[in-house]
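Have the viewer open and follow along.

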Amino acid sequence: MRRALAAVRWYFRELSGEAEYDHYVDRHRRLHPDQPLMTRRQFEHCRTDRRDEHPTASCC
Amino acid sequence: MTTTTPASPPTPPPTTTAPAGRGRLNPRSIAIWTAVAVAGAIAWGVLALSRGEEINAIWLVVAALASYAIAYRFYARFIARKVLKVDDTRATPAERLDNGIDYQPTDRRILVGHHFAAIAGAGPLVGPVLAAQMGYLPGTMWIIFGVIFAGAVQDMVILFFSMRRNGKSLGQMARDEIGTVGGIAALIAVFSIMIILLAVLALVVVNALARSPWGTFSIAMTIPIALLMGFYLRVLRPGRVIETTAIGVGLLLLAIVAGGWVQESSLADTFTLSPEALTICLIVYGFFASVLPVWMLLAPRDYLSTFMKVGVIGLLAVGVIIAAPALQTEAITDFAREGNGPVFSGALFPFVFITIACGALSGFHSLISSGTTPKMIQKESQVRLVGYGAMLMESFVAVMALIAACILEPGLYYAMNAPAGVLGSTVESASAAVANLGFTISPQDLSAAAAEVEEQTLVARTGGAPTLAIGMSEIFSSVIGGASLKAFWYHFAIMFEALFILTTVDAGTRVGRFMLQDTLGNIWKPIGRVSWKPGLWATSAVVVLAWGYFLYTGVTNPLGGINQLFPLFGIANQLLAAVALAVATTILVKSGRLKWAWVTGVPLVWDATVTLTASWQKVFSDNPAIGFFAQRERFADALDRGEVLAPAKNLDDMRAVVTNSTVDGVLAAFFAILVIIVIANAAWVCYKAIRAREPLPTTEAPYVKSQIVAPAGLFPTAEEKRELAAAGDRT
């Protein structure tokens with residue numbers, strides 16, 4: 001039961017993009033451990049603002 | 001790559017010595033697949049052979065699911081292994097170019113969700129509802145066989161080819177593989193289909209909200225709700241998408257309930273808008289929504305509409321299975337044979353295949369399959385789940401929309417879907433018009449049906465959304481709430497469709513603007529800069545006015561906007577599918593896989609036949625109900641004589657019909673010419689490739705060995721579990 005709930009939570013976090021920051025932190029620590037990390041606020045601003053310049057279509 | 005017959009595949013044939021757990025035919029799997037095949041065959045038999053008796057919708061669901069399962073298990077696997085030759089030792093662009101932004105290896109289960117949310121919108125809900133005019137059988141057969149042999153194949157193959165080319169777009173692939181002419185034609189096709197698509201979708205919303213204060217209020221409230229969510233996510237709790245969406249959905253449900261209160265209050269008149277007023281509102285909204293920063297309106301709306309989309313489609317599937325409603329429509333109606341239906345004109349061939357695009361074969365998907373998805377896929381073999389699988393899901397949505405339309409009394413269906421010009425504006429005139437079509441609904445029943453969902457009228461509520469909403473409210477209220485919740489469910493369904501149509505209008509305007517900026521930027525540099533505000537406003541305005549023009553002509557057209565514009569939308573969408581399939585076939589031939597070229601070649605020939613026949617009839621038919629120019633001539637002649645022909649009411653209406661028919665006819669001809677150019681160009685390239693002695697240079701990115709371990713399908717096989725465990729993965 002607990003495992004099922006954890007799986008649902010994982011899926012929702014991944015699908016909604018809420019987990020993106022965690023992936024960024026993991027990746028940043030792995031590749032550039034010596035450089036400063038963006039805060040969640042900075043990261044989310046960059047992530048959303050990128051869509052202003054790279055629009056993606058959704059379908060009919 | 002060679003042009004000779006390909007050497008035998010690196011792994012031995014699966015039936016003999018395949019590795020344990022993968023593709024071996026054991027007695028258990030033979031038994032399961034035999035059972036699936038038998039269930040599907042029985043369901044198809046019931047659907048095809050019953051005449052005159054009531055059929056339960058469950059048979060449709062069984063026929064669809066069994067066919068999908070067999071197609072996914074056998075045909076999709078055959079395409080992946082033999083035709084595309086997916087290679088899981090080869091690193092995908094997500095792995096090679098991983099930058100944490102757009103190139104990012106993403107879990108297949110997440111990616112199939114993203115891809116499905118991106119491809120499935122209002123299309124699979126609207127087309128099948130209109131096609132119900134032909135009966136349930138033609139639509140069902142095209143949705144199911146179309147997706148298996150054409151739609152899902154296109155999505156998967158384009159996804160694969162784009163992935164092998166680092167996520168190139170369809171337009172770029174057309175230019176690289178077919179040539180400049182094909183590339184430019186593809187670009188024009190994409191832009192024009194976008195404009196027609198946005199106009200038709202906006203028209204669906206206008207028809208759903210016109211003179212409905214409840215619906216208009218609820219939808220209007222989504223704007224402040226989205227702004228609030230945007231502020232919350234930006235300032236208060238950055239990145240907390242789930243809690244923001246939960247708040248948003250709560251407010252959304254409140255807005256639906258509050259719509260009922262507003263309808264009863266003195267505010268009702270404020271929110272009772274004519275179609276023309278709603279059109280102006282939508283055009284103004286479309287402009288501002290597309291120039292505001294994404295975080296304010298689009299991003300929160302996206303979260304809401306994705307949640308609603310997936311949630312409501314899930315509910316509908318469960319509802320259909322629990323309620324198990326009976327179909328009221330005939331299997332094949334007389335309109336299918338004679339082509340004189342009121343919803344859209346023309347006979348079964350080719351118009352059923354034009355009306356139902358999304359859900360069976362949709363060219364638009366090739367833009368998503370060559371957009372963000374190929375940059376995120378972890379393993380080549382996952383194209384089967386993400387490309388083919390997600391399209392099967394969309395097809396199932398279309399089947400459910402068809403069910404929702406076919407469980408309505410035919411009399412009610414035609415009273416809602418025939419153009420206002422045919423039905424008149426009262427329940428009495430509508431009842432008489434429906435009787436003329438050969439169906440019955442009394443004025444009292446028509447008023448009662450409207451009262452049940454608390455709408456002023458249901459007469460001529462064309463566009464598909466109100467019909468679908470009535471069908472959904474039947475299904476939902478028979479599961480939860482009974483008759484007392486019918487009005488709520490109706491407006492819930494309207495909200496659900498309008499919400500994501502408006503999101504598509506916003507996102508689509510941005511994409512159209514981006515293409516326009518990109519193209520014009522080649523001529524005059526500043527306009528190509530996406531951050532230069534005046535350029536942004538000007539190009540946004542051009543795009544909004546372009547779809548706004550078609551929307552306005554659709555709303556005011558005496559002949560009915562959906563009746564006139566929907567075939568154009570279908571033709572444009574299938575034209576784009578022809579471009580995508582031509583690109584895919586060309587790549588197969590150029591890479592020495594001539595013997596497998598039929599996999600995309602046969603759907604291409606079918607699609608081209610359908611699209612060109614439909615265009616031919618729309619341009620050259622001398623029946624004014626079908627041919628745009630015949631229609632133009634009929635009304636222009638009458639206008640010269642100073643006569644007014646029904647359904648036009650005055651000379652201005654007559655002039656509007658003449659102008660609209662001319663524009664629509666020119667567009668239909670233009671689309672057909674584009675298809676012919678692309679296909680002819682592709683055929684020439686294929687001919688040269690077959691005649692060439694030397695193998696043609698490949699356009700694929702070079703091979704790099706993959707380090708990622710990930711399963712191919714939704715559930716890992718035993719062998720994949722061992723591989724994952726060895727790689728230290730916990731999932």
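How do the residues of the lining of the largest cavity divide into nonpolar, polar and charged? There are four nonpolar, three polar and four charged residues in that lining, where Ala, Val, Leu, Ile, Met, Phe, Trp, Tyr, Cys and Pro count as nonpolar, Asp, Glu, Lys and Arg as charged, and the others, Gly among them, as polar.

Before going on, some bookkeeping. This is a predicted model, in which local features need pLDDT of at least 70 and side-chain atom pairs count only at pLDDT 80 or more, while totals for chains, interfaces and linings use all residues. Residues are numbered from 1 along each chain as its sequence is written, chains are lettered from A and ligands numbered from 1 in the order in which they are written, and side-chain values use heavy atoms, with hydrogens and water left out.

Back to the holes. Searching the whole structure turns up five cavities of 30 Å³ or more, and the largest cavity holds about 90 Å³ of space. Eleven residues line the largest cavity, and the closest to its centre are B:Lys590, B:Ser591, B:Pro697, B:Thr698 and B:Thr699. On a 1 Å grid over the protein atoms alone, a cavity is a set of points where a 1.4 Å probe fits but cannot get out; a pocket is an open set with protein on both sides within 12 Å along at least five of seven lines, and lining residues have an atom within 4 Å of a point. Grid points are joined across faces, edges and corners, and a volume is the space filled by probe spheres set on the points.

The second largest pocket has a volume of about 810 Å³. Of its 27 lining residues, B:Arg211, B:Pro275, B:Ala420, B:Ala460 and B:Val555 are the closest to the centre. Four helices of chain B, α9 (180-209), α12 (275-291), α19 (420-423) and α25 (533-556), each supply at least two lining residues, with the largest share, three residues, coming from α25(B). By class, this lining has eleven nonpolar, eleven polar and five charged residues.

Now zoom out. Chain B has 30 helices and two strands, which are DSSP runs numbered from the N terminus (helices H or I, at least four residues; strands E, at least two). Its C-alpha trace spans about 70 × 60 × 55 Å along the principal axes. For 731 residues, a compact globule would have a radius of gyration near 27 Å, and the 26 Å of chain B agrees; that radius is taken over C-alpha atoms, and the globule rule is 2.2 Å times the number of residues to the power 0.38. Of those residues, 59% count as buried (under 20% relative accessible area, with exposed over 50% and partly exposed in between, using a 1.4 Å probe and protein chains only).

B:Thr245 sits in helix α11 (residues 241-264) of chain B and counts as buried because its relative accessible area is 8%. Leaving out residues up to four places away in sequence, B:Thr245 touches B:Met229, B:Tyr303, B:Leu304 and B:Phe307, where contact means heavy atoms within 4.5 Å. B:Thr306, in helix α13 (residues 298-323) of chain B, has a relative accessible area of 27%, so it is partly exposed. Its C-alpha lies 7.8 Å from that of B:Phe500, 194 residues apart along the chain.
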